[in-house]
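Here are my notes on the model, as numbered points. Please read them with the structure open.

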Amino acid sequence: MRSTHALLLFAVGCLMCLSTAVFADRPNIVYILADDLGYGDLGCYNRASRIPTPNLDRLASQGMIFTDAHSPSAVCTPTRYGILTGRYAWRTRLKSGVLWGRSPMLMEPGRETVASLLKRHGYVTACVGKWHLGLQEGEETDYDKPLTPGPNTVGFDYFFGIPASLDMDPYVFVENDRLVEAPTATIEASTMARHGGGGFWRAGPIAPGFRHAEVLPVTVEKSIAWLEKVRKASPDSPFFLYMPLSAPHTPWLPTDAYRGKSGAGPYGDFVMQVDDSVGRVLEALDRLGVAENTLVIFTSDNGAHWLESDIRRYEHLANNHLRGQKADIHDGGHRVPFIVRWPGKVKAGSFSTEVTCLTDLMATCATIVGDELSDDAGEDSMSMLPALLGQPYASPLREAIVHHSLNGMFAIRQGPWKLILGRGSGGFTAPQRIDPAEGEPAGQLYHLEDDPAESVNLWASRPEVVARLTALLDKYQREGRSR
């Protein structure tokens with residue numbers, strides 16, 4: 001008993017030290033967010049993957065992979081809000097669905113973000129890629145006016161990218177708070193079949209020089225150019241590059257160098273291009289001599305949009321053996337690959353089974369720079385630093401994690417238990433919702449250690465677990481925080 005008590009005190013002491021840790025050489029931070037990449041697409045997560053991913057597999061071998069990491073939502077916008085604010089997006093006006101190309105800014109005025117936090121600590125900051133968090137205030141974005149509030153008002157010194165998803169109009173590039181080129185032309189909706197060349201995009205306004213297939217290459221080029229500029233202009237300042245890719249979200253438009261090269265159709269080819277894009281950024285870090293002091297994180301905003309017909313056609317499990325897909329409340333919708341490389345700090349070739357959420361970036365960055373989050377910042381963010389450094393800590397790092405589907409269905413995960421408040425997927429997979437008959441379970445309860453496929457509903461047989469987790473979720477919702 002005494003030895004157990006001593007170990008607990010030691011672990012708590014380590015946590016107290018880490019909570020105020022300041023690294024003498026503040027690391028550069030590069031956060032690469034894929035769009036709709038599945039848990040089973042990368043070779044380091046799925047040996048049977050039909051998609052070659054040598055760069056990401058190499059990154060994993062040089063750092064740590066998390067096997068139980070989750071996006072806070074099963075779709076785009078709410079996850080991006082959670083990453084940058086450390087707060088669940090269902091606490092905002094966005095209770096379901098995503099924003100569109102003309103939606104106003106989702107972030108509240110004055111809210112702390114990862115970018116504003118790091119900027120206060122001397123970081124040079126940039127966001128390059130897909131924003132999808134809204135621009136301006138009011139009812140609808142007016143692209144004839146400055147696009148503010150936007151990325152530059154929430155802590156980013158520089159922004160270059162597209163307003164929303166690559167299948168949402170208007171199809172334009174934005175640099176800081178201005179259009180690169182106005183959408184004076186129009187484009188018809190794509191007629192390309194899912195398996196014949198890339199899915200679809202919606203009809204709408206487009207800049208004359210905008211080409212969908214060029215967005216990913218341009219994102220990589222602009223990111224590398226910014227890194228080069230920062231190292232030349234501010235060689236003594238750490239940098240934070242948030243790089244939210246537009247791929248492999250539809251439309252699937254791999255360039256000629258990748259077309260037909262995977263075993264998973266145009267989607268798999270596009271994933272190969274994502275892998276090469278990451279490789280090019282990593283090469284730039286090496287070339288600039290900053291890789292050794294750069295924390296690199298690679299993950300995805302949600303699961304892959306991968307249908308049963310895709311699985312049969314290509315014999316590829318984009319979401320591995322998990323139930324569901326993008327938008328769904330089941331783990332295929334929100335369990336994501338999560339790779340961290342930090343030379344000299346994170347052990348190469350290591351892995352963690354710690355349950356973590358993409359909202360945890362905020363608290364982790366605060367710990368790294370020795371800051372403490374205020375009560376009205378990072379309300380759902382927990383520091384991952386103890387797990388990353390492999391030091392003793394009181395596991396688990398977070399009490400529980402809340403999941404959210406496209407249609408607004410809630411789930412809460414604590415330890416091996418996952419409670420879903422409703423029946424059906426809550427997303428793309430049919431049935432989306434089930435109205436239970438009299439006497440049937442009103443929701444779903446799974447023991448993920450025994451049943452990772454979420455196939456045996458224990459709602460009726462474990463009412464005490466249902467009651468406990470329901471009360472915890474209610475507490476998180478009522479108090480406005482889970483940290």
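1. **R91.** R91 sits in the loop between α3 and α4. Helices here are DSSP runs of H or I with at least four residues, strands are runs of E with at least two, and both are numbered from the N terminus. R91 has 14% relative accessibility, so it counts as buried. Buried means under 20% relative accessible area, exposed means over 50%, and partly exposed is in between, with a 1.4 Å probe and protein chains only. The R91 side chain makes a polar contact with the side chain of D380, at 3.0 Å. A polar atom of that R91 side chain also lies 2.9 Å from the backbone oxygen of Y476. A polar contact is a pair of N or O atoms within 3.5 Å; within protein, one must be able to donate a hydrogen and the other to accept it, and residues adjacent in sequence count only if both atoms are side-chain atoms. Not counting residues up to four places away in sequence, R91 touches D380, Y476, Q477, G480, R481 and S482. Contact means heavy atoms within 4.5 Å.

2. **Basis.** This is a predicted model, in which local features need pLDDT of at least 70 and side-chain atom pairs count only at pLDDT 80 or more, while totals for chains, interfaces and linings use all residues. Residues are numbered from 1 along each chain as its sequence is written, and side-chain values use heavy atoms, with hydrogens and water left out.

3. **Helix α3.** Look next at α3, residues 76-85, where 10 of the 10 residues are buried. Among them are R80, Y81, I83 and L84. The buried residues of α3 pack against β1 (28-34), α4 (114-120), β3, β9 and α10 (361-368). G86 follows the helix, with a positive phi near 70°.

4. **Y242 in β9.** Y242 belongs to strand β9. Its relative accessible area is 1%, so Y242 is buried. Leaving aside neighbours within four places in sequence, Y242 contacts Y31, L33, R80, I83, L84, A126, C127, V128 and F156. Y242 and V114 are 128 residues apart in sequence, yet 9.6 Å apart in space, C-alpha to C-alpha.

5. **Cores.** Which residues touch the most other members of the largest nonpolar core? They are Y31, W131, F240, F298 and F338, in a core of 117 residues. Helix α7 (residues 265-287) gives the most to this core, with 10 residues. A second, separate core has 19 residues, including F410, L445, W459 and L473. A nonpolar core is a set of buried Ala, Val, Leu, Ile, Met, Phe, Trp, Tyr and Cys residues joined through side-chain atoms within 4.5 Å. F240 itself contacts I29, Y31, V114, A115, L118, Y123, V124, T125, A126, F156 and W226, leaving aside neighbours within four places in sequence.

6. **Helix α6.** Helix α6 covers residues 215-233, 19 residues in total. From its first C-alpha to its last, α6 reaches 26 Å, close to the 27 Å expected at 1.5 Å a residue. The expected span is 1.5 Å times one less than the number of residues. The buried residues of α6 include W226, L227 and R231. The buried set packs against β3 (124-130), β4 (158-162), β9 (239-244) and α7.

7. **Strand β2.** In β2 (residues 64-70), 6 of the 7 residues are buried, so the strand is largely enclosed by the rest of the structure. Two strands pair if DSSP finds at least two bridges between them. β2 runs antiparallel to β11 (residues 335-341), with 5 bridges; M64 has V340 as its bridge partner there. β2 runs parallel to β12 (residues 350-352), with 3 bridges, and F66 is partnered by S352.

8. **The β14-β17 sheet.** Four strands form an open antiparallel sheet, in the order β14-β15-β16-β17. β14 (401-404) and β17 (444-447) stand at the edges with a single partner strand each, so one side of each is left without a neighbour in the sheet. The twist averages 20° from one strand to the next. β16 (residues 417-420) and β17 share 4 bridges, with K418 opposite Y446. Helix α12 (residues 463-479) lies across β14, β15 (410-414), β16 and β17, at about 110° to β15. Axes are lines fitted to C-alpha atoms, for helices over the stretch in contact, and angles run from 0 to 180 degrees between N-to-C directions.
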